[in-house]
Structure formats: structure tokens, C-alpha cells
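This report considers the architecture, the confidence and selected side-chain interactions of one chain. The sequence and the structure are shown first.

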Amino acid sequence: MALDMQPVLREWKHAAGGTYHAVLRHEVTTRLGWAWHQPRYGMAELARWPKPVLRVFSRRREQIEAFLAGETPTWGRAQLANLKTRQAKQHARDERADLSAAHWRCFYSRPI
């Protein structure tokens, strides 16, 4: 019988993501000697990249600046641009359907 890890992964995805990024930063630092800025929300930027370079490669920044084109960029307008230009969140999954699928996977994976 195989375990269905989807409920566990769904519950612990932020912790798993944070752990992945921490290990990645550690490996890059150990192998390449690169330094990092302080992590924010579990992610960090490489310290060696100048802020203007990071800004040029930011797709979100492009979206917000396009929204603000031709206007005086105030804090309030920037906040509105941030909200209006971000992608909608994915719909929540149907846990009953997940449990049903897990039941049938377990049922059919049993040896005869």
C-alpha cells in the first residue's frame, strides 16, 4: 500500500519551501562562496547583485510600472497597482474529492 502525501504536502508546503530555499542558500554559499541578503518571507536575494540590476529583471515591477505609466507614483497608487496587477490565487482544492481519490488509490494498490 502506498501513502498519499498530498494532504501532508498541502499542510506543510510553506515549511517545505522554506527548508528547500534555506538548503539551496547554504549550498550556494558553501560551494560558490556567495553571500545573501537577509531573507524576507523565506526568500533571499544574492548580495552581489546590485539593486538596479534586480529591478530590471523583475517582471512584477514591470507590471506595476506599466499600470502606473503616465501618473505620479504615490504610495497609495503603487499599492493599488500591486493589487490590480497580481495574478488571482488558485481555487482551494476539494478535500472530499482528494480523500475519495486517496481511498481509491489505496484500495486499488492493495495486492490481490
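**Basis of the description**

In what follows, two residues are in contact when heavy atoms lie within 4.5 Å. The model is predicted. The mean pLDDT of the chain is 81, with 80% of its residues at 70 or more. Confidence is highest in helix H4 (residues 75–85), at 89, and lowest in helix H5 (residues 95–109), where the mean is 60. Where pLDDT is low, the predicted coordinates should not be read in detail.

**Overall architecture**

The chain contains five helices and zero strands, in the order α-α-α-α-α from the N terminus. Of its 112 residues, 9% are buried. Among contacts with a separation of 6 or more, 22% join residues 24 or more positions apart.

**Helix H1 and its ends**

Asp4 belongs to the segment before helix H1 (6–32). A polar atom of the Asp4 side chain lies 3.2 Å from the backbone nitrogen of Gln6. Asp4 itself is partly exposed, its relative accessible area being 22%. Within H1, a kink of about 70 degrees is centred on Trp12. After H1 comes Gly33, which has a positive phi near 75 degrees.

**A buried arginine without a salt bridge**

Arg25 is located in helix H1. Although Arg25 is buried, it has no salt bridge, and the nearest side chain of opposite charge, that of Glu45, is 10 Å away. The 4 Å limit for a salt bridge therefore excludes this type of pairing. Apart from neighbours within four places in sequence, Arg25 contacts Trp36, Pro39, Gly42, Met43 and Ala44.

**Salt bridges**

The structure holds four salt bridges. One of them links Arg31 with Glu27, with 2.9 Å between the closest N and O atoms. These two residues are four apart in helix H1, so about one helical turn separates Arg31 from Glu27. An α-helix has 3.6 residues a turn, so residues three or four places apart point the same way. Arg31 is exposed, at 67% relative accessibility, whereas Glu27 is partly exposed, at 30%.

In helix H3 (residues 59–67), Arg61 and Glu65 are likewise four residues apart, about one helical turn, and their side chains form a salt bridge at 3.2 Å, N to O. Arg61 is partly exposed, with a relative accessible area of 32%, as is Glu65, with 41%.

Glu71 pairs with Arg77 in a further salt bridge, the closest N and O atoms being 2.5 Å apart. Both partners are partly exposed: Glu71 has a relative accessible area of 36%, and Arg77 one of 24%. Salt bridges with shared partners connect Arg55, Arg61 and Glu65 in one network.

Definitions and conventions:
Residues are numbered from 1 along each chain as its sequence is written. Side-chain values use heavy atoms; hydrogens and water are left out. pLDDT is the predictor's confidence in each residue, from 0 to 100. Buried means under 20% relative accessible area, exposed over 50%, partly exposed in between (1.4 Å probe, protein chains only). A polar contact is a pair of N or O atoms within 3.5 Å; within protein, one must be able to donate a hydrogen and the other to accept it, and residues adjacent in sequence count only if both atoms are side-chain atoms. Lys and Arg count as positive and Asp and Glu as negative; His and the chain ends are not counted. The bend at a residue is the angle between axes fitted to the seven residues ending there and the seven starting there.
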